[in-house]
Amino acid sequence: MDIKTVGVVGAGQMGNGIAHVFALAGYDVVLNDISVDALGRALALIAKNMDRQVSRDKISEADKAAALARISTTTTLTDLGQTDLIIEAATERETVKTAIFEDLQPHLKPETILTSNTSSISITRLASRTDRPEKFMGFHFMNPVPVMQLVELIRGIATDEPTYTALHKVVEKLGKTAASAEDFPAFIVNRILMPMINEAVYTLYEGVGNVKSIDESMKLGANHPMGPLELADFIGLDTCLAIMNVLHEGLADTKYRPCPLLTKYVEAGWLGRKTGRGFYDYRGEVPVPTR
Ligand code: CAA
């Protein structure tokens with residue numbers, strides 16, 4: 001299976017990073033979103049993030065220009081049908097993801113590999129709703145995609161070996177490192193990371209520390225590049241809550257219950273950086289803790 005063209009569904013935080021790294025690695029990328037504005041914002045952000053890489057001598061101006069020329073955009077999902085590999089990076093809701101695969105299905109080449117960048121939903125269940133569960137895999141990138149070295153590869157129960165091998169080769173071509181995870185709720189990274197973030201929110205909720213002391217403790221006391229609450233805002237509190245719910249329901253263990261304070265922030269629409277407010281308020285010059 002020689003993968004040359006890649007379709008990316010969803011131009012949000014993850015989709016634009018995925019398009020960025022594939023275009024730089026020489027793949028032709030078709031980036032899809034339902035919103036023209038989101039596609040415009042994604043292209044601008046990709047150019048800006050590539051500028052950072054140019055200014056730090058990671059890539060040349062010519063690499064940037066060639067990569068940007070490899071990305072085309074469309075609001076028509078079916079335009080992705082003829083690509084070799086599709087990476088779904090839409091909202092973390094199973095109904096949305098399933099609908100995307102159903103809409104794509106009649107337009108796909110028989111050999112096209114389907115993948116989802118889901119951070120926690122069952123790959124086996126998503127695969128079972130398509131016509132090609134053997135060519136379906138979890139392909140989980142970390143945020144920010146151009147910086148983070150890891151990609152989790154998750155086989156569904158029916159995934160065949162050629163599909164796994166093809167994706168492993170793609171990860172190598174991207175210059176990243178693959179970790180194989182079994183298809184259980186939240187796989188490896190989020191199974192470990194999210195309970196830590198949730199525990200940080202409990203630590204805040206119970207008044208053991210405030211936002212500043214909790215984040216400083218983990219940055220200076222455990223050498224984490226970001227504190228857990230800063231990281232939660234970076235990932236998106238709605239995504240954190242969705243993953244905790246998948247862990248709680250999927251593993252049926254009360255140790256995964258989402259902290260009520262996390263739920264309250266999400267109910268308020270304080271979803272972190274993307275909405276301007278979460279555990280920090282980002283609307284001013286510098287982020288200010290909200291507790
Ligand atoms: N695109 C390209 N380059 C970027 C970038 C982007 N979006 N964001 C940062 N960079 C580059 C910078 O240019 C800089 O490059 P050099 O090393 O060459 O100087 C480097 O990354 C570091 O950036 P900064 O100096 O601006 O900032 P920093 O040192 O504070 O690092 C960070 C920023 C890399 C985000 C760091 O804080 C970090 O590693 N945070 C933790 C991130 C993390 O844990 N991500 C995983 C989240 S979990 C997940 O994604 C899974 C899920 O399903 C929820």
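Student: How far does a polar side-chain atom of His140 lie from an oxygen atom of the ligand?

Tutor: A polar contact is a pair of N or O atoms within 3.5 Å; within protein, one must be able to donate a hydrogen and the other to accept it, and residues adjacent in sequence count only if both atoms are side-chain atoms. Here the distance from the polar side-chain atom of His140 to the ligand oxygen is 2.7 Å. A nitrogen atom of the ligand lies 3.2 Å from a side-chain N or O atom of Arg52, and a polar side-chain atom of Asn49 is 3.4 Å from a ligand nitrogen. This is a predicted model: local features need pLDDT of at least 70, side-chain atom pairs count only at pLDDT 80 or more, and totals for chains, interfaces and linings use all residues. Residues are numbered from 1 along each chain as its sequence is written, and side-chain values use heavy atoms, with hydrogens and water left out.

Student: Which side chain meets that of Asp51 in a salt bridge?

Tutor: In general, side chains of opposite charge can pair when their charged atoms come close. A salt bridge is a side-chain nitrogen of Lys or Arg within 4 Å of a carboxyl oxygen of Asp or Glu. The partner of Asp51 is Lys64, at 2.7 Å from N to O. Asp51 lies in helix 2 and Lys64 in helix 3 (residues 61-69), so the pair ties together parts that are 13 residues apart in sequence. Helices (H or I, at least four residues) and strands (E, at least two) are DSSP runs, numbered from the N terminus.

Student: Is Lys64 buried or exposed?

Tutor: Buried means under 20% relative accessible area, exposed over 50%, and partly exposed in between (1.4 Å probe, protein chains only). Lys64 is buried at 13%, whereas Asp51 is partly exposed at 33%.
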